[in-house]
Amino acid sequence: MYEISERPRVLAPHSTTGRPSRRPRRCGVCAGVEQVGTTYFERAFDEHASVEAAGEAIADGLGFCEAHSRALSFEAGRATRVARAFSAAITRIEPLLHQSVVDERCQRLFFSGRHRCPACTANDATAAKLLTPVRQDWLGSHPSVGRTELLCWHHFQSMAGRLLLEPRGQAIQRYLDVVDSASQALQQRANAGMVRASALLGQDLRRAWAEASGPSTPPPRMRTLLAMPDRCPICEIVADAKRNWLRDLSSSFTRYSAEYLWLFAPCCHRHVSDVVHLGDRALLEAVAAFVLSGIHSRLKQQLADIVRDLALAREPKPVWYRSRRRNRDTAAPSVPAPVRALAPRCRACEAEAIALERATAHFVSEMHDEQGRDLLGMGHGLCLSHLAHVLPVAPSATVRAFLSDLHSARLRDLHANLALRAGGPSAPWREAIYRFRGWTR
Ligand SMILES: [Zn+2]
Ligand SMILES: [Zn+2]
Ligand SMILES: [Zn+2]
Ligand SMILES: [Zn+2]
């Protein structure tokens, strides 16, 4: 069987005195992205920045993600520029609501499902820049693995996914050791173990605060939500599903310790962050151990795939095989397509996805009823992100035309308000942020 060649030399993890070196408390790329990211709104809504460009980015992404929407809603000092950028975005989007579904721009905006928050896109670009020297290091003959050890799982995957097979295998083998040593340290219940595990998971423990999960409440009724004047009904139902998941996770851990953790444990960065915010140290340790063991399994699987691919590459080709490339000898070895970052199934993401699909089906069935349409007509309507989710599955022309007309009118009103006034607690610029991509408020 083909084996990954010798391990590269280790430069950073231990000091020469025999004492373990002080490890940073966070992934360097996470910290770098956060530092650059704090100035994103300053750059995007600077007085010298193009309002049209900002509006185009907002229209393409259908607004900012929940985290960036919340952050932007505190930027009262930039209210005027934000209002102008959202006005420009509305000017682009509103006419498309009346386009036929075969119109290419309408399809791209409402039917593609590939909406990416502009601030998250900028963060990805920063991360790619910061990861370039680490990746180039692995392409050299003496990679300094110490740099790789300081990456969180997400950034390690981004870095390793674009390496050729051999260095990717070496990098994964090394990172597997890092994950295993973090798991062992976590089992010893040392403070350093928790700090190391949270760095690997890309979490910042300083963000921990006791978030009251509150008593269980009856599920919100669709008809009540439809008429709410300031909320998107689907946002509310998905947020309720998340609150329930967090409550179930917490209460099952209190009653059964880690025995049934696999039923509720999150794995994705966003939902592990929610557990960090709960501020329950024992629960966070159990979740971190669960996620690290999932990462361990994924890394082992990736290594096995690489070893198999390398072995296959060395097999002689069958006589009947003809390469499609004409000039094989002159072509330089190309960098492989990036490997999709594999993540174990996150129970919280599943809970949210199920809630979204159920809420969408329920919403569409209400829209077939005239009373349901009247209620929505009195209420806020959908955020644009959920409108884009509902429109492709709204079957009848009546429902689709009603939703297009209603939201088109809402956008025109908002556009007029944005031009009239900027300040105030219920200012239209804050309403614009919410109208594009709602969140629980
Ligand atoms: Zn990171
Ligand atoms: Zn974002
Ligand atoms: Zn919504
Ligand atoms: Zn998740």
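1. Helix α13 passes helix α17 in a right-handed crossing (a crossing is right-handed if the near helix is turned clockwise from the far one by less than a right angle, and left-handed if anticlockwise). In this predicted model, α13 covers residues 233–256 and α17 covers residues 347–367. Their axes lie 9 Å apart at an angle of about 145°; axes are lines fitted to C-alpha atoms, for helices over the stretch in contact, and angles run from 0 to 180 degrees between N-to-C directions. Helices here are DSSP runs (H or I, at least four residues; strands are E, at least two), numbered from the N terminus.

2. Who makes the α13–α17 contact? On the α13 side you will find P233, I234, I237, V238, A241, K242 and W245. From α17 come R347, A348, A351, E352, A355, L356, A359, T360 and F363. Two residues are in contact if their C-beta atoms, placed from the backbone, lie within 7 Å. By class, the contact holds twelve nonpolar, one polar and three charged residues.

3. A quick check on the geometry of α13 itself. With 24 residues at 1.5 Å a residue, α13 should span 34 Å, and its end C-alpha atoms are 34 Å apart, so the two agree; the expected span is 1.5 Å times one less than the number of residues.

4. Next, the burial of α13. Its buried residues are P233, I234, C235, I237, V238, A239, A241, W245, L246, L249 and F253. A residue is buried if 20 or more other C-beta atoms lie within 10 Å of its own, exposed if 12 or fewer, and partly exposed in between, with C-beta atoms placed from the backbone. The buried residues of α13 pack against α12, α14 (261–264), α15 (269–278), α16 (281–314), α17 and α19 (384–390).

5. Please have a look at S257, which follows α13 and sits in the loop between α13 and α14. S257 is not a glycine, yet its phi is positive, about 55°. Most residues other than glycine have a negative phi. Is S257 buried or exposed? It counts as exposed because 12 other C-beta atoms lie within 10 Å.

6. L62 is buried, because 21 other C-beta atoms lie within 10 Å. In α3 itself, A54, G55, A57, I58, A59 and G61 are buried, and what covers them includes α2 (40–44), α5, α7 (118–139) and α21.

7. Helices α20 (residues 397–420) and α21 (residues 428–436) also cross, with axes that come within 9 Å at roughly 150°. This crossing is left-handed. L414, N417 and L418 of α20 meet P428, W429, E431, A432 and R435 of α21. The residues of this contact divide into five nonpolar, one polar and two charged.

8. Q99, in the loop between α5 (79–93) and α6 (104–111), is 305 residues from S404 along the chain, yet their C-alpha atoms are separated by 9.5 Å. Q99 is partly exposed because 15 other C-beta atoms lie within 10 Å. R223, in helix α12 (residues 222–226), is 153 residues from L376 in sequence and 8.6 Å away in space, C-alpha to C-alpha. R223 also counts as partly exposed, because it has 15 C-beta neighbours inside 10 Å.

9. For the protein as a whole, there are 21 helices and zero strands. Buried residues make up 35% of the 441 residues. Of the contacts with a separation of 6 or more, 80% join residues 24 or more positions apart.

10. Finally, confidence. The mean pLDDT (the predictor's confidence in each residue, from 0 to 100) is 82, and 82% of the residues reach 70 or more. Over residues 330–335 the pLDDT is below 50, and this stretch has three contacts beyond near neighbours in sequence. Residues 337–342 also stay under 50, with eight contacts beyond four places in sequence. Where pLDDT is low, the predicted coordinates should not be read in detail.

11. A note on conventions. Residues are numbered from 1 along each chain as its sequence is written, while chains are lettered from A and ligands numbered from 1 in the order in which they are written. As this is a predicted model, local features need pLDDT of at least 70 and side-chain atom pairs count only at pLDDT 80 or more, whereas totals for chains, interfaces and linings use all residues.

Conventions: Nonpolar A, V, L, I, M, F, W, Y, C, P; charged D, E, K, R; others polar.
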